[in-house]
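Open the model in your viewer and keep the selection tool at hand. The stops below give what to select and what is there.

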Amino acid sequence: PGQSVLDIGIGTGLAAVLFRSAGLRVYGMDTSQEMLDACRSKGFTDLARHDLTAPPYPYAAESLDHAVCVGVLSFFRDLSPVFGEAGRILRSGGLFVFVVGDRSDDEPAEMVVGPEYTRSAAPVTVFRHSARQIDGWLAESGFTTLRSLAFTVPVDRGRTRSLQAKAYLVSKGADAD
């Protein structure tokens, strides 16, 4: 309680509600005005509309305690802007939690998910990232991995198709810039 968290890609604020109920001051950033409006309707006020792939983010260096990014990174091929900005914004010792689509080095990074799974009129391209890629981006951004957890995400209601994902808990090192 009393610490701050930046929800990168806050969406409708689904996770942010839990952070706020735990006593954290929630800051949120998203590219969608509609998503930010949904957050405002839930009482969130520290919100910024910003392209998550375009540094710098609208926060001062070392101004926030923690960051979270869930359900967003699968839409970006290059995660270095997100990781770099999280590293710049977080205070030393700050925690960053995020989820990525997971893959081995020999699997393709791009995956097209058809409209039958997305409930949209068009297919969606998602990106999966290998542990080696993630480790490189984290090292460049001054983070140390504390823990990671692989899990399976069903793509359809019938659970006939799934994707591998991985959640990471990382910490901004005391000697990071």
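Begin on the outward side of H5, where Arg132, Ala139 and Glu140 are exposed (over 50% relative accessible area; buried is under 20%, partly exposed in between, with a 1.4 Å probe and protein chains only). The model is predicted: local features need pLDDT of at least 70, side-chain atom pairs count only at pLDDT 80 or more, and totals for chains, interfaces and linings use all residues. Residues are numbered from 1 along each chain as its sequence is written, and side-chain values use heavy atoms, with hydrogens and water left out.

Now select the buried residues of H5 (residues 131-140), which are Ile134, Trp137 and Leu138. They cover an arc of only 100° around the axis and therefore lie on the same side of H5; the arc is that of the directions from the helix axis to the C-beta atoms. Helices (H or I, at least four residues) and strands (E, at least two) are DSSP runs, numbered from the N terminus.

What covers these buried residues? Show helix H3 (80-89), E5, strand E7 (124-130), E8 and strand E9 (162-172), which are included in the cover; contact means heavy atoms within 4.5 Å. Just after H5, Gly142 takes a positive phi of about 85°.

Next select Tyr168, in strand E9. Tyr168 counts as buried because its relative accessibility is 4%. Leaving out residues up to four places away in sequence, Tyr168 touches Phe96, Val97, Phe98, Val100, Ala131, Ile134, Thr145, Arg147 and Ser148. Between Tyr168 and Phe96 there are 72 residues in sequence, yet 7.9 Å in space, C-alpha to C-alpha.

Rings of Phe, Tyr and Trp (its six-membered ring) pair if their centres lie within 6.5 Å; planes under 30 degrees apart count as stacked, over 60 as edge-to-face and the rest as tilted.

How many aromatic pairs does a search of the whole structure find? It finds seven. One of them is Tyr27 with Tyr59, edge-to-face at 6.3 Å centre to centre and 85° between the planes. This pair links distant parts of the chain, 32 residues apart: Tyr27 is in strand E2 (residues 25-30), and Tyr59 is in the loop between strand E3 (47-49) and strand E4 (64-69). Both Tyr27 and Tyr59 are buried.

Then select Phe96 and Phe143, whose ring centres are 5.6 Å apart with planes at 40°, so the pair is tilted. Phe96 belongs to strand E5 (residues 90-103) and Phe143 to strand E8 (residues 143-154), 47 residues apart. Both Phe96 and Phe143 are buried.

For a charge over a ring, go to Arg20: its charged end sits over the ring of Phe44, 4.0 Å from the ring centre. The criterion is NZ of Lys or CZ of Arg within 6 Å of the ring centre and within 35 degrees of the ring normal.

**Strand E1**

Finish with strand E1 (residues 4-8). Five of its five residues are buried, so E1 is largely enclosed by the rest of the structure. Ser4, Leu6 and Ile8 point one way from E1, and Val5 and Asp7 the other way.

E1 and E2 run parallel, joined by five bridges; strands pair if DSSP finds at least two bridges between them. Ser4 has Arg25 as its bridge partner in E2. E1 also runs parallel to E4, with three bridges, and there the partner of Val5 is His66.
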